[in-house]
Amino acid sequence: MAAQSVWRAPAKLNLFLHILGRRPDGYHELQTCFQFVDLCDEITLGVRADGEIRRTVDIPGVPPDSDLCVRAARALKEAAGSGLGADIRLLKRIPIGGGLGGGSSDAATCLVALNVLWGIHWPSEKLAALGLKLGADVPVFVHGRAAWAEGVGERLTPLYPPLAPTEPNYLILKPKVFVSTAAVFQDPELTRNSLPITIHGFLASGGRNDCLGVVRRRYPEVARALDWLSLFGAARLTGTGACVFLACETLKRGQEILSKLPPEFEGFLARGLNDSPLLEGLRTG
């Protein structure tokens with residue numbers, strides 16, 4: 001049996017999300033700030049000499065051919081012309097459909113890890129370009145730094161978010177509903193004309209989430225989660241949701257709020273990370 005290695009794929013939060021317009025190809029021009037958190041999926045990889053890409057665990061509702069880990073491995077194998085394969089075991093901890101980027105993070109982690117394990121050694125820019133074909137959020141996970149993002153999310157400027165220098169604690173709520181990102185972005189009432197802001201402007205104002213009004217209307221469960229969490233501070237929506245979050249000054253404060261959580265929500269605490277655990281995985285081999 002081939003030696004196996006374990007890699008952590010972190011979730012992300014969008015600290016704000018402005019939509020500047022819709023492009024001719026149907027995608028939207030965005031501005032956002034990505035912050036990683038230490039809620040992580042766990043991916044175990046083993047190199048195969050026979051070239052087969054195989055997922056070794058069943059994930060309800062996610063067939064292997066649509067799994068972003070499998071698709072990422074196949075894309076890298078084809079693009080690099082590698083004769084090697086991989087066994088992929090994915091342990092999901094990041095809620096699916098929560099706006100936390102779990103699928104994109106899993107794909108990026110497979111690209112970065114297999115780039116090493118297969119001896120391809122592409123630069124991160126080339127991996128990110130390949131990852132962009134799998135999803136707009138994949139590049140930020142490939143690079144592994146908290147970042148200011150523009151375009152569809154692929155033009156990245158490393159940025160330690162404004163709550164630094166200490167990486168903050170976040171209380172994250174997941175309503176029991178799946179939010180369709182495609183449906184939110186296709187909604188005719190979605191705001192698509194925000195004016196561009198600068199990084200300095202974001203640091204001064206904090207920005208907003210242009211998807212909020214549409215998500216509130218389409219998903220009352222998310223609206224209730226936001227209303228409840230707003231009792232304790234400036235609650236925000238990440239991406240298109242369903243997850244909402246609140247920055248907490250201390251872990252103790254987050255635990256106090258979590259102890260009052262209504263049963264209709266799933267809640268958890270996570271620590272903000274300016275550097276992805278993926279970078280640590282690369283350093284430690």
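I began with valine 116, which is found in helix α2 (helices are DSSP runs of H or I with at least four residues, strands are runs of E with at least two, both numbered from the N terminus). This is a predicted model, where local features need pLDDT of at least 70, side-chain atom pairs count only at pLDDT 80 or more, and totals for chains, interfaces and linings use all residues. Residues are numbered from 1 along each chain as its sequence is written, and side-chain values use heavy atoms, leaving out hydrogens and water.

Valine 116 counts as partly exposed because its relative accessibility is 37% (buried is under 20%, exposed over 50%, partly exposed in between, with a 1.4 Å probe and protein chains only).

Next I turned to the helix pair. I noted that α1 (residues 68-80) and α2 pack at about 35°, their axes 8 Å apart (axes are lines fitted to C-alpha atoms over the stretch in contact, and angles run from 0 to 180 degrees between N-to-C directions). On the α1 side, the contact includes Leu68, Cys69 and Ala72, and on the α2 side Gly103, Ser104 and Asp106 are among the residues (contact means heavy atoms within 4.5 Å).

Then I checked the backbone. Histidine 121 lies in the loop between α2 (102-117) and α3 (124-132), and its phi is near 60°, positive although the residue is not glycine. Histidine 121 counts as exposed, because its relative accessibility is 59%.

My last stop was a cis peptide bond between glycine 241 and alanine 242, with omega about 20°. I found alanine 242 in the loop between β8 (236-237) and β9 (244-248).
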